[in-house]
Number of protein chains: 2
Amino acid sequence: MRYGGIEAGGTKWVCAVADRPAELLETETFPTTAPGETVSRAIRFFTKNGPVGALGVGAFGPVDIRPASPTWGTITTTPKPGWADTDLAAALRSGLGVPIALDTDVNAAALGEWRHGAAAGLDTFCYITVGTGIGGGAVAGGRIVHGLLHPEFGHMRIPHDRARDPFGGICPFHGDCLEGLASGEAIRQRWGQAGQQLPGREPWELEARYLALALVNVICLLSPQRIIVGGGVAKQPALLPLVRGQVRDLLAGYLRASELTDPDAIERYIVPPGLGDCSGAIGAIELAQGAAAAGAPGG
Amino acid sequence: MRYGGIEAGGTKWVCAVADRPAELLETETFPTTAPGETVSRAIRFFTKNGPVGALGVGAFGPVDIRPASPTWGTITTTPKPGWADTDLAAALRSGLGVPIALDTDVNAAALGEWRHGAAAGLDTFCYITVGTGIGGGAVAGGRIVHGLLHPEFGHMRIPHDRARDPFGGICPFHGDCLEGLASGEAIRQRWGQAGQQLPGREPWELEARYLALALVNVICLLSPQRIIVGGGVAKQPALLPLVRGQVRDLLAGYLRASELTDPDAIERYIVPPGLGDCSGAIGAIELAQGAAAAGAPGG
C-alpha cells in the first residue's frame, strides 16, 4: 500500500508519499496559507502522487487528537488567522476518503526520529522544534505522550530577566512564555530582523539562555534519555553548543549522569534531528501505516 | 506473603507491612536522622512486624534507580547532611535479606494513588509533594516515568519576581528553582517561621503563584489527566483553591479542556491525595509485591 503523510505545520506543510516510511518517494513543501487553499493543495498532491491507502497527519496545535472527542481532528485555539476551529481531519477526509491518523506535528516528528532517526532504541525522549513557534513532543516508557490533550512545550513559563531583555514577548495568550520569548517570531520582533541576519553573539546567547532554561525544565519533568532540537532557528550553528553549555551550568551537577555533566557526552544528548527536515513527514507516514493497520476513522 | 514498604522521605520515613497493598497492618513513622540510625530503625520495625518476603522502597533523591547501574540503590547528590552517596539498598538488604524494589518516594506515591487512590483509572497523571522539599512523580501512557534518571520536579526553573519577592531561594545547587522558592523550608526561611504559623494571605498567595507556575509547566510538558498535590505545605486549606485559580489565569484559555478552564472541573483536576499520608507507603508495598513476583535483587 502507498501511504500519504503531511507535516501540517503552522508555517509550512510538507506532503509526502511512500511505500515504506523511511523512503519518501515524492515530497512537496508549501506555505501554510488559508485553510481551504492549503488543504486543497495537499489533496492535489496526494491525488497526483497516489492513490494513497491511508493518510497520517502531524498537525500544529493546539489540535484535538482525543480519539473519543466529538471535535477530533479540529485545530482549536491557535492564534494563526483563519485556522481556529478548523476541522482539518474532515476537510482531508472529504477530499481523499481514506483512513486518517492524526497527532501533533512534534509528536509525529518524535515518532519519525524514534523509528528511523536520532532516538532509535530509546524509550523516553523529547523532540522540540524551535521555528516560527515552539513545540515539543515526547515519548515516555515507549509510548507517545498524549494525556489530557497533548504536550504544549512552547507555553511553559521560564524566568525572564527584564533587565537584560526588556522585550515583553509575543504570545497573544501568555506574553513571555517560552514561545513568546524564544520563537523565531519573537527573535524577529525583538531585534527587528530575522535570526539569520542577526550580527554578533548577544542575540544567540540570550536565545540559548531561554532554550537552556526550557530544556532544564524538560529534564526535570520528563527525564529524557535524549533531546532532539529541530526547527529553523535551531539551524544557527552557534546555538546548540551554547545551549548545551548553559544546560550544564544551570543543572550545576545536581543530576548525576554523564549526559548532563560531561562536555562530550552532552553533545550526544542534546542533538539535531537525525532525519533533517523530514522527521515530521516520515513520522506522518508511520502514522498512516498505523491507521491502515488499525482501520482508523475516515475510510 | 507479607510485604514491607518504606516511604523513605528526606524528612521522615514511614514503614509499613501488609498482606495486601491497600490494607496496611502496622505502620511506624519516624524522623530521617543519620543513615545508619534510620536504616536500623526500619530494620527493627520489619523484624518485629515480619517476617516480610519482599521490601519496596520509595526513596528521596536524587537516587540511582537505573536497574543496570553499578550504583543502583544509592542516594547520590542530596544536600541532606550525611546522606550523599549512601547505598540505601545495600544497607537494607544486609539487614533483611529479601528482594528489594526501589523507586523515588514520589513515584511510589504516584503508584499508590494510581492503584488505590485519586488516580485510579487514569493513564497519564502526576503526583507532586510540597513539603520540606518539593518532588514529583509521573505516570505517562500507563507507565511510571523513569527515563535517564527520574523526574526531579522540584528543580525546574520558574519566573521569580524579585520586586515582589526579594528572597533569593534556598536550593544549594540552583538558588531560586521551584524547591528553592516554594518548599516548606523556603517558606520558613523567607518568613522566619513555619507555614502553619503564618498570618495573613500574602505568604499563601505568593506560594500559590509559584506552585501554579510549576503546574502550568507540568501541564505544558506532560499533559496529565490529573495532578495530585500532597505534602505538608499543601495541607494549608487556603492553598489549593488559590493554586487552581492561578493555573486557570496563567493558562488563559489556551488549552481547551474543561478541566483547565471550568472552576468546578478544575477542583477535580488539581486534587489532594486520595490516600492521605499513606500514598507513599501503599505504593512501596505495591513495589514490594512486584519485586516478589519478579525476583528482584537482594534476596
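These are my notebook entries on a predicted model with chains A and B.

**Ground rules**

I'm working with a predicted model, where local features need pLDDT of at least 70 and side-chain atom pairs count only at pLDDT 80 or more, while totals for chains, interfaces and linings use all residues. Residues are numbered from 1 along each chain as its sequence is written, chains are lettered from A and ligands numbered from 1 in the order in which they are written, and side-chain values use heavy atoms, with hydrogens and water left out.

**Entry: the A/B interface**

I began with contacts (heavy atoms within 4.5 Å). On chain A, 47 residues are in contact with 47 residues of chain B. Next came buried area, the accessible area (1.4 Å probe) that two parts lose on being put together, summed over both. Between chain A and chain B I get about 4,300 Å², and carbon and sulfur atoms give 62% of that. A:Leu148, A:Leu221 and A:Tyr254 supply 21% of the area chain A buries against chain B, more than any other three residues.

Then I looked up salt bridges (a side-chain nitrogen of Lys or Arg within 4 Å of a carboxyl oxygen of Asp or Glu). The count between the two chains is 2. I checked the A:Arg256 to B:Asp85 pair, whose side chains meet in a salt bridge at 2.7 Å, N to O.

Polar contacts need a longer note: a pair of N or O atoms within 3.5 Å, where within protein one must be able to donate a hydrogen and the other to accept it, and residues adjacent in sequence count only if both atoms are side-chain atoms. I have 28 residue pairs in polar contact between chain A and chain B, both residues at pLDDT 80 or more. On chain A, helix H6 (202-222), helix H7 (239-251) and helix H8 (258-261) each supply at least two residues of the side that touches chain B. The largest share of that side, 7 residues, comes from H6(A). For the naming, helices (H or I, at least four residues) and strands (E, at least two) are DSSP runs, numbered from the N terminus.

**Entry: strand S7 of chain A**

Is S7(A) buried or exposed? All 5 of the 5 residues of S7(A) (residues 100-104) are buried, so the strand is largely enclosed by the rest of the structure. My cut-offs: buried is under 20% relative accessible area, exposed over 50%, partly exposed in between (1.4 Å probe, protein chains only). Strand S4 (residues 54-59) of chain A runs parallel to S7(A), with 5 bridges joining them; pairing takes at least two bridges found by DSSP. I noted one partner: A:Leu55 bridges to A:Ile100 in S7(A).

I found a cis peptide bond between A:Gly50 and A:Pro51, with omega about 0°. A:Pro51 lies in the loop between helix H1 (35-49) and S4 of chain A. Another cis bond joins A:Gly61 and A:Pro62, omega about 5°, and A:Pro62 is in the loop between S4 and strand S5 (74-75) of chain A.

I also looked for positive phi in residues other than glycine. A:Asp85 has phi near 60° and is in the loop between S5 and strand S6 (86-87) of chain A. A:Asp85 is partly exposed at 47% relative accessible area. A:Ser223 has phi near 50°, in the loop between H6 and strand S11 (227-230) of chain A, and is buried at 4%.

**Entry: salt bridges within chain A**

A:Asp176 and A:Arg162 pair at 3.3 Å, N to O. Both lie in the loop between strand S10 (143-144) and helix H4 (178-182) of chain A, so the pair ties together parts 14 residues apart in sequence. A:Asp176 is buried at 18%, whereas A:Arg162 is partly exposed at 47%.

A:Arg188 and A:Glu185 meet at 2.7 Å, N to O. Both are in helix H5 (residues 184-191) of chain A, 3 residues apart, about one turn of the helix. A:Glu205 bridges to A:Arg201 at 3.0 Å between the closest N and O atoms; A:Glu205 is partly exposed at 27% and A:Arg201 is exposed at 52%.

**Entry: B:Arg244**

B:Arg244 sits in helix H7 (residues 239-251) of chain B. Leaving out residues up to four places away in sequence, B:Arg244 touches B:Ile266, B:Glu267, B:Ile270, B:Val271 and B:Pro272.
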